[in-house]
Amino acid sequence: MIDEIVISKAITETFYKEFLDNLESDVIICGAGPSGLCAAYYLGKAGIKTVVLEKSLRPGGGLPGGGMMFNKIVIQQESKSILDELGVKTTHYKDNYHTASSLETLSLLLSKAIQQGVGIYNCINAEDVMIVDEKVTGVVINWTAAELARLHVDPLTMRSSYVVDATGHDAELAQVISRKSGAQLLTPTGKVVGEKPMWADKGERDLIDNTKEAFPGLYVTGMAANAVFGGPRMGPIFGGMLLSGKKVAGLILDRLKNE
Ligand SMILES: Cc1cc2nc3c(=O)[nH]c(=O)nc-3n(C[C@H](O)[C@H](O)[C@H](O)COP(=O)(O)OP(=O)(O)OC[C@H]3O[C@@H](n4cnc5c(N)ncnc54)[C@H](O)[C@@H]3O)c2cc1C
């Protein structure tokens, strides 16, 4: 016999046990696009307690849509080893260009991150950061549904040693720091510089340089990095997103090791 209340208890108890444990972690990544998920995978693999918050029902950001909903992605040679490690099938197109299924890439990024112990929460919006003594110490969270319905509901908080803004073009966390606290970001202008028009080659190269700390305790990765430090957009080539996620994981690992 299947009992409805047992099902409800199983979901509620299992969710909250894990959620309570994840209220404090080493790293919170906001945004489950390709850069955020790749960072989560490498941090989890290194044994770092990592949480990913995703405001949408469906994780993946711009990844599953590929280019104009053709669900293929292009990656360059330099990033192929990441997809190889995840077990994603790639097809050689021509020198330095490989293609892969955007859906297989997303499903393997997600499942490998979860298998490394990363806690991934969809439908949770990171609406603000906590700043204590001029350092980001966590995020302020609420159900996306509360935001969408504009409900007057107070949020909760999650604490971590480091926070990663992987929220894509809008760089939501860097924006909120700049807007709310008036604090200076670690950019040439002290503010979010803003994304530049499409230039795939430069965009991909800048993305790696721009993957760094943008405010004490807050790192930026993926399109958020180019938005914050002012790099061009690059369209549906995803190698830079994966390399940026891997780089931010390495930077944070070094910081945690040296503490
Ligand atoms: C609509 C659209 C426009 C695109 N435009 C461009 C472009 O102009 N240039 C370009 O190079 N590529 C563009 N792309 C292609 C490509 O999808 C992105 O470059 C790539 O997906 C960026 O990866 P990312 O990891 O930086 O962020 P994304 O794939 O954008 O993922 C960010 C994730 O963060 C989540 N998120 C955002 N804010 C919060 C928050 N506060 N709390 C929790 N979660 C949050 C989002 O729901 C999303 O899932 C676009 C894709 C889409 C779908």
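Reader: In which sense do S8 and S9 pair, and over how many bridges?

Author: This is a predicted model. In it, S8 and strand S9, residues 156-165, are paired in the antiparallel sense over four bridges. Within S9, Arg159 is the bridge partner of Gly138.

Reader: Which sense applies to S7 and S8, parallel or antiparallel?

Author: Antiparallel, with eight bridges between S7 and strand S8, the latter covering residues 135-143. One of the bridge pairs joins Asp128 to Val140 in S8.

Reader: How many residues lie between the strands in that hairpin of S7 and S8?

Author: Two residues lie between them, and Asp133 in this hairpin takes a positive phi near 50 degrees.

Reader: Turning to the open sheet of three strands, what is the order?

Author: The order is S3-S5-S4, and the pairing is antiparallel. Strands S3 (72-76) and S4 (90-94) are at the edges with a single partner strand each, so one side of each has no neighbour in the sheet. From one strand to the next, the twist averages 35 degrees.

Reader: How many bridges join S4 to S5?

Author: Four bridges join S4 to strand S5, which spans residues 97-101. His98 in S5 is the bridge partner of His92.

Reader: Which helix lies across S3, S4 and S5?

Author: That is helix H3, residues 77-86, and it runs at about 120 degrees to S3.

Reader: How do the axes of H3 and H9 cross?

Author: The axes of H3 and helix H9 (residues 239-257) come within 9 Å and cross at roughly 70 degrees. The two helices are therefore roughly perpendicular, since angles of 65 to 115 degrees count as such. The contact is made by Glu78, Ser79 and Ile82 from H3, together with Gly239, Leu242, Leu243 and Lys246 from H9. By class, this contact has three nonpolar, two polar and two charged residues.

Reader: Is the crossing of H3 and H9 left-handed or right-handed?

Author: H3 passes H9 in a left-handed crossing.

Reader: Now the ligand, please. Which residues come nearest?

Author: Gly33, Gly61, Gly62, Gly168 and Gly222 come nearest, out of 29 residues around the ligand. By class, the shell holds 12 nonpolar, 13 polar and four charged residues.

Methods
Residues numbered from 1 in each chain as written. Predicted model: local features only at pLDDT ≥ 70, side-chain atom pairs only at ≥ 80, totals over all residues. Pairing = 2+ DSSP bridges. Axes fitted to C-alpha atoms, helices over the stretch in contact; angles between N-to-C directions. Contact = placed C-beta atoms within 7 Å. Near = placed C-beta within 6 Å. Nonpolar A, V, L, I, M, F, W, Y, C, P; charged D, E, K, R; others polar. Parallel < 35°, antiparallel > 145°, perpendicular 65-115°, else oblique. Left-handed = near helix turned anticlockwise from the far one by under 90°.
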